[in-house]
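The following account leads the reader through a structure, from whole chains to single residues. Please keep the sequence and the coordinates in view while reading.

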Amino acid sequence: MRAFARLLDDLVFMPSRNGKLALIEDYLKRVPDPHRGWGLSALTGDLSFHAAKPAMIRTLVEERTDPELFRLSYDYVGDMAETCALMWPGDGHGEAPRLGEIVDTLNRTGRSEVAGVLRGWLDRMNATERWALIKLVTGGMRVGVSARLAKTAFSRAFDRDLDTVEELWHALDPPFAELFAWVEGRAEKPDVANAPVMRPFMLAHPLEEGEELDPSEFLAEWKWDGVRVQLVRRGAERRVYSRTGDDISAAFPDVIEAYDFDGIVDGELLVRAADGGVAPFNHLQQRLNRKTVSAKMMARYPAFVRLYDILVAGEEDLRELPLIERRQRLEEAVAGMDPIRFDISEILTPASWEEIAEMRQRAREAELEGLMLKRRDSAYQGGRVKGLWFKWKRDPLTADVVLMYAQRGHGKRSSFYSDYTFGAWRDGELVPVGKAYFGFTDAELAELDRWVRGHTIQRFGPVREVEKALVLEVAFDSVHRSKRHKSGVAMRFPRIKRIRFDKPAKEADHLEAFFKMIGEAGESESVAEK
Amino acid sequence: MRTDESGLYCEPGGFHIDPQRVVERAIVTHGHGDHARPNNRKVLATEATLDIMRLRLGVAAGDTLQPLAYGETLRIGEVDVCLVPAGHVLGSAQVVLEYGGSRIVVSGDYKRRRDPTCAGFEVVTCDVFITEATFALPVFRHPPDTEEIDKLLASLDLFPERAHLVGVYGLGKCQRVIALLREAGYDRPIYLHGALQTLCEFYEAQGVALGPLRYATARDGKEMAGEIVLAPPSALKEVWSRRMPNPRTAMASGWMRVRQRARQRLVELPLIISDHADWDELTQTLTEVEAGEIWVTHGREEALVHWAAQRGLKARALSLAGFEDEAE
Ligand SMILES: [Zn+2]
């Protein structure tokens, strides 16, 4: 537990991806089985306990501490789990149980005995271990590590191909002893042919500026703005996997229960709009990241999958076939599927490159991200293989906004004000509409940093409020209504496109301009770009 | 003994202790800026504290500076004054006052754990103990220093290409972190921000060995890859740190115990190393000095007063203004 607790603690403070990878790799190489496997599973979300509610932990601490001191401490720290971990009495220099022992014990312990077990452990642990234990048993790691990142660290630590690791991962169970044995050369590669596992996703390259393709060699499709998924069925086992390798089946019972096809297909998870079309991405967002979903949610935001490809049918692996043959097989498969939950992505038939370019410009509905161009003869290969699949995103939307606040960045950028909050005008006042922390060059960052330091009017910790005088041109993929934001709008992927030192702040955009973009995108296809 | 607008005042002796405003006669417990204020007329302190005041304040250290060695007694007015080590930083002292058969101890800032750079805290039993309360909440329990130094060294192993930039307070913390690194066997040169130079030289002159030090001010950042660089906390976020190759920002402070607080300051590697007593040290001290009455000066007074009251001690908060707890 000592090593795992320190890992979590380091991860919480580590802002960079490479830094996180290095920390996890180091842990995996240093810690023996089965503890490292459990630790890794905790990070990937394959291991979670809900043995104890935060309230139980609180009760345990209250038994041991003075209520007034507890109140003052909680007031000061602000976080219940952390307050409990920090103020649990005792110096904690006893021998803490190892992670494997904790997992085994929790799996064997009934609800009524959990409190006693926890009490005994907390007495033997130091503050960091207590904090990690509380996170583990209350089921919320939140250390900024995705399943994908943890698996990447695994594949890097043992110098294996990530796609292969990914393919095995879902067929094996924590603490993944067979996987460690294989990568350390102690055993053969585990055989997973009969498990309901995803295959490595085939990904597209962005089309380079000015690059043209021969329309006769490629199939064109819309690029839908949802979540790319694979649906997998093996016998009675059915799963939905996202591109990050997360098993999201629990959040989408409507889709999974309708999936009767024995094999693996690839498509875009979307929500059906009331008019039968595709609802905007933020509707789908309501359904994501849930452990369970209510009937009401499913009725309000009905999910379906628009299918792009087929990988496996029955015992037959189709990935080596050329795309046009797979497409044939996909059409046959879709014919037998529930039409409410599954349909097939339309093949566009442009006659010329000009027509393709024109189609891409028409991809203005909020639900479209642009075009996909796939070589007709391409096999389905995991990863981003050059020259086979291309994505051609539509031009971003842009707006001129005013810089309001700047915050210092992390790591390399820790001495730079590199995170910017910007606003648009409403009734003569600026309302924050978004945040951006990329899009600029190093030289532009230095300029922005200098400007922020020279125009600060107030500071709060790492944040500076600046004079409302600098206009930024921001680019973003789409904009939608949002009740969570004071301005009522939220952008997707906002980035700084240009610094407009030349433009007076009062000439920046008004909030209505954003609502106009939402309205037009929703209602017609003929929106002129700003 | 009472408080006025300048702080703690001893009437029968006619002097203030760590006054916040200019006074006629001051006893200064130690050289930190919020305790050793400039321009008092007469100043009494340990020799080391007076030296530190001269280094930091120049002629503003005071008109007349009078040293008093640990353990020696001096009568001022009707009061016997004695200075006793407080274990906080080099030269730091508790002020022991005897008058009319009763004894008051003013702790100044103090800690109880071992510090290779200064004399350790000595317990003096008394009738009234006036304590600091910087970390007076049960959530503040500093782990062993060795564990924290270990964290820093482990990070150097794991990220050998990154400069490890450690924020340290210039008086005490800086030298202690260096000394702890040396005790842990770290013998590479340690780089220092220019602002830390004078006090490190002073510590060395006082016989505190710090090993090889390099001053980072005028250097090319590249050679600091994989090295430890110490800087005042204020320099971490400023332009100075940009020369460092991909710096990993650490901070050595008792506040690092609370994650949210460390994250707010964008610290990547929090090191819980403090020159103040933690909760356990505070309560241990209150028990050992056997004082019937406890006065709590600066910090989180409420919790300590509550603790003392629960044990039947008379306790009250003085709520003196002017002491900074951020500086730790
Ligand atoms: Zn101090």
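The radius of gyration is taken over C-alpha atoms, and the globule rule is 2.2 Å times the number of residues to the power 0.38. The model is predicted, so that local features need pLDDT of at least 70 and side-chain atom pairs count only at pLDDT 80 or more, while totals for chains, interfaces and linings use all residues. Residues are numbered from 1 along each chain as its sequence is written, chains are lettered from A and ligands numbered from 1 in the order in which they are written, and side-chain values use heavy atoms, with hydrogens and water left out.

For the 530 residues of chain A, the rule gives a radius of gyration near 24 Å for a compact globule; the value for chain A is 26 Å, which agrees. Along the principal axes, the C-alpha atoms of chain A fill a box of roughly 75 × 65 × 45 Å. Chain A has 19 helices and 19 strands; helices (H or I, at least four residues) and strands (E, at least two) are DSSP runs, numbered from the N terminus.

Of the 530 residues in chain A, 56% are buried, where buried means under 20% relative accessible area, exposed over 50%, and partly exposed in between (1.4 Å probe, protein chains only). Chain A exposes about 23700 Å², and carbon and sulfur atoms supply 48% of this area. Accessible areas come from the Shrake-Rupley method with a 1.4 Å probe, and for residues only the protein chains shown count as cover. A contact means heavy atoms within 4.5 Å. Among the contacts in chain A with a separation of 6 or more, 70% are between residues 24 or more positions apart. The 79 positive and 87 negative charges of chain A have mean positions 4 Å apart. In this count Lys and Arg are positive and Asp and Glu negative, with His and the chain ends not counted; the place of a charge is NZ of Lys, CZ of Arg, CG of Asp or CD of Glu.

Within chain A, strand β2 (residues 218-224) is mostly covered, since seven of its seven residues are buried. Its partner is strand β9 (residues 368-375) of chain A: the two run antiparallel and are joined by seven bridges. Two strands pair if DSSP finds at least two bridges between them. In this pairing, Phe218(A) stands opposite Arg375(A) in β9(A). In a regular strand the side chains alternate between the two faces of the sheet.

Thr105(A) is part of helix α7 (residues 99-108) of chain A. Because its relative accessibility is 14%, Thr105(A) counts as buried. Leaving aside residues up to four places away in sequence, Thr105(A) touches Val117(A) and Trp121(A).

Most residues other than glycine have a negative phi, and most peptide bonds are trans. Asp33(A) and Pro34(A) are joined by a cis peptide bond with omega of about -5°, and Pro34(A) lies in the loop between α2 (17-30) and α3 (35-44). A cis bond also links Pro174(A) to Pro175(A), with omega near 0°; Pro175(A) is in the loop between α11 (162-169) and α12 (177-183).

Positive phi values occur at two non-glycine positions discussed here. Asp159(A) has phi near 55° and sits in the loop between α10 (147-157) and α11 of chain A. With 70% relative accessibility, Asp159(A) counts as exposed. For Phe493(A), phi is near 50°; this residue is in the loop between β18 (489-492) and β19 (495-500) of chain A. Phe493(A) is partly exposed, because its relative accessible area is 43%.

Chain B comes next. Chain B has eight helices and 19 strands. For its 328 residues a compact globule would have a radius of gyration near 20 Å, and chain B has 20 Å, which agrees. Its C-alpha trace spans about 65 × 45 × 30 Å along the principal axes. Buried residues account for 61% of chain B. Of the contacts in chain B between residues at least 6 apart in sequence, 59% join residues at least 24 apart.

Val22(B) occupies the loop between β3 (15-17) and β4 (25-27) of chain B. Its relative accessible area is 54%, and Val22(B) is therefore exposed. Apart from residues up to four places away in sequence, Val22(B) touches Pro38(B), Asn39(B) and Asn40(B).
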